[in-house]
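Reader: I would like to go through this structure and ask, for each term applied to it, what grounds there are for using that term. Could we begin once the sequence and structure are in view?

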Amino acid sequence: MSHTKTNYFSTFLCFILISLFSNAQETATTKPCNEIFNTGHKIETLDSKINNKSYKLFVNLPDGYKSEENKKYPVIYILDGQWDFATAVAAYSTSQYDGLLPKAFIIGVSYAGKDPNYTNLRANDMTPTKLPQITDSGDAKLFTEVLRNEIIPFIDKEYKTTSTNRTLAGNSFGGLYTHYALFNASDLFQNYIICNPSLWYDNELAFSYENEYYKNNKTLNANATLVWGSLDDVKRHEKMANQIKSHNYKGLNFRSFIEEGFGHNGAKPGGYAKGFLHSFKIKGISIPEKELKKYIGNYKLAPGQEISLILHEGHLAVKEFQGQTNIPIYTISKDKFSLLGTYRTFEFNKDENGQVTSLTVEPNTDYIVTLKKVK
């Protein structure tokens with residue numbers, strides 16, 4: 001190991017722990033941040049045979065995508081990609097770099113062609129009923145079929161995606177459609193991020209959709225986030241949040257947030273960020289302490305430096321580092337652990353006899369290191 005790598009190796013836990021416990025930050029990335037926040041890594045065009053529209057799909061690839069040949073990733077679909085894609089990428093990337101979110105695709109759904117009329121096109125796709133005062137409104141059901149049978153299959157075919165972790169997010173009419181999809185296409189996505197939905201639409205029809213769903217279904221397997229600005233349509237949003245909570249769906253992980261001081265569009269960055277964190281929050285599992293004992297011990301961090309793993313309150317913990325004590329390491333699956341509930345994983349390596357020999361950790365998205373167990 002080079003001198004430079006040794007220095008970084010000796011401070012990698014400091015980078016993880018201090019950045020999570022305080023506002024301190026380490027500058028560790030060398031990746032350029034240029035067009036990724038504009039149009040993503042790629043742009044795909046899809047001509048729908050269902051509704052005869054041409055869609056432009058902005059594609060942001062997960063970090064390390066090309067080097068991890070056999071890995072599949074979650075997919076996040078952002079409606080109104082022409083406006084919200086860059087906002088969503090920025091909101092996701094910052095927390096992902098902090099280890100709070102997994103690597104994922106972000107797909108901005110927009111419209112192709114020469115000078116597309118975004119206002120009319122989105123009104124058509126994202127509203128469930130036709131209103132005479134809104135041009136071309138009312139084809140949400142048809143757009144759902146486009147997503148189900150064309151856009152999602154296309155992305156799944158072209159990229160290494162997982163079908164068991166899809167997210168839909170949208171604001172305004174996009175939020176209205178995301179709410180519509182939650183109660184009319186709940187099998188299509190696992191996470192729904194509903195920002196400032198236009199709940200006023202068609203005499204508050206969205207409330208009827210939720211009520212109608214509840215009449216026939218007491219289970220709703222999804223993570224759902226409802227977010228609105230404190231200067232937006234507060235009463236309707238609070239009413240919807242209370243209505244959903246009152247039905248106490250089995251399987252629904254629902255939260256609502258208010259972005260204080262923001263209006264209809266200004267609430268988007270914080271709204272998307274909160275929705276991502278809610279959707280992808282790691283849920284630890286419990287395993288007997290006797291199974292955890294094989295992992296306790298000292299691991300070599302650098303010459304003359306070790307960290308000690310102990311049992312503390314039923315889970316593994318770093319005994320002490322940089323003044324912090326009993327830093328929790330949560331179990332997320334057999335032989336896989338997570339520091340403080342982040343996506344910075346701890347994986348223990350074993351010999352042919354099942355004895356733990358080392359610990360592999362990912363301190364950030366660019367670096368993976370292995371610590372030898374010394375006792």
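Author: What follows concerns a predicted model.

Reader: What makes strand 6 mostly covered?

Author: Five of the five residues in strand 6 (residues 191-195) are buried, the cut-off for that word being under 20% relative accessible area. In a regular strand the side chains alternate between the two faces of the sheet. Asn191, Ile193 and Cys195 are buried on one side of strand 6, and Tyr192 and Ile194 are buried on the other, which leaves both faces covered.

Reader: How do you know that strand 6 pairs with strand 5 and with strand 7?

Author: At least two bridges are needed for two strands to pair. Strand 5 (residues 161-171) and strand 6 have five bridges in the parallel sense, and five bridges also join strand 6 to strand 7 (residues 219-229), again in parallel. Tyr192 stands opposite Leu168, and in strand 7 the bridge partner of Tyr192 is Ala224. Strand 6, helix 6 (residues 201-216) and strand 7 make a right-handed β-α-β unit.

Reader: Why is the contact between Asp80 and Arg122 called a salt bridge?

Author: The term requires a side-chain nitrogen of Lys or Arg within 4 Å of a carboxyl oxygen of Asp or Glu, and the side chains of Asp80 and Arg122 meet at 2.8 Å, N to O, so the pair qualifies. Asp80 lies in the loop between strand 3 and helix 2 and Arg122 lies in helix 3 (residues 118-126), so the pair ties together parts that are 42 residues apart in sequence.

Reader: Are Asp80 and Arg122 buried or exposed?

Author: With the cut-off for buried at under 20%, Asp80 is buried because its relative accessible area is 2%, and Arg122 is likewise buried because its relative accessible area is 10%.

Reader: What makes Glu212 and Lys215 a salt bridge, and how are these two residues classed by accessibility?

Author: The closest N and O atoms of Glu212 and Lys215 are 3.7 Å apart, which means that the pair falls within the 4 Å limit. Glu212 and Lys215 both lie in helix 6, three residues apart, about one turn of the helix. At 43% relative accessibility Glu212 counts as partly exposed, whereas Lys215, at 60%, counts as exposed, the latter term applying over 50%.

Reader: Why is Arg236 called partly exposed, and what makes it part of a network?

Author: Arg236 has a relative accessible area of 27% and is therefore partly exposed, and Asp233, at 23%, counts as partly exposed too. Arg236 forms a salt bridge with Asp233, the closest N and O atoms being 2.7 Å apart. Salt bridges that share partners join Glu204, Asp233, Arg236 and Lys239 into one network.

Technical notes
Residues are numbered from 1 along each chain as its sequence is written. This is a predicted model: local features need pLDDT of at least 70, side-chain atom pairs count only at pLDDT 80 or more; totals for chains, interfaces and linings use all residues. Side-chain values use heavy atoms; hydrogens and water are left out. Buried means under 20% relative accessible area, exposed over 50%, partly exposed in between (1.4 Å probe, protein chains only). Helices (H or I, at least four residues) and strands (E, at least two) are DSSP runs, numbered from the N terminus. A crossover is right-handed if, with the strands pointing away from the viewer, the path from the first strand over the helix to the second runs clockwise.
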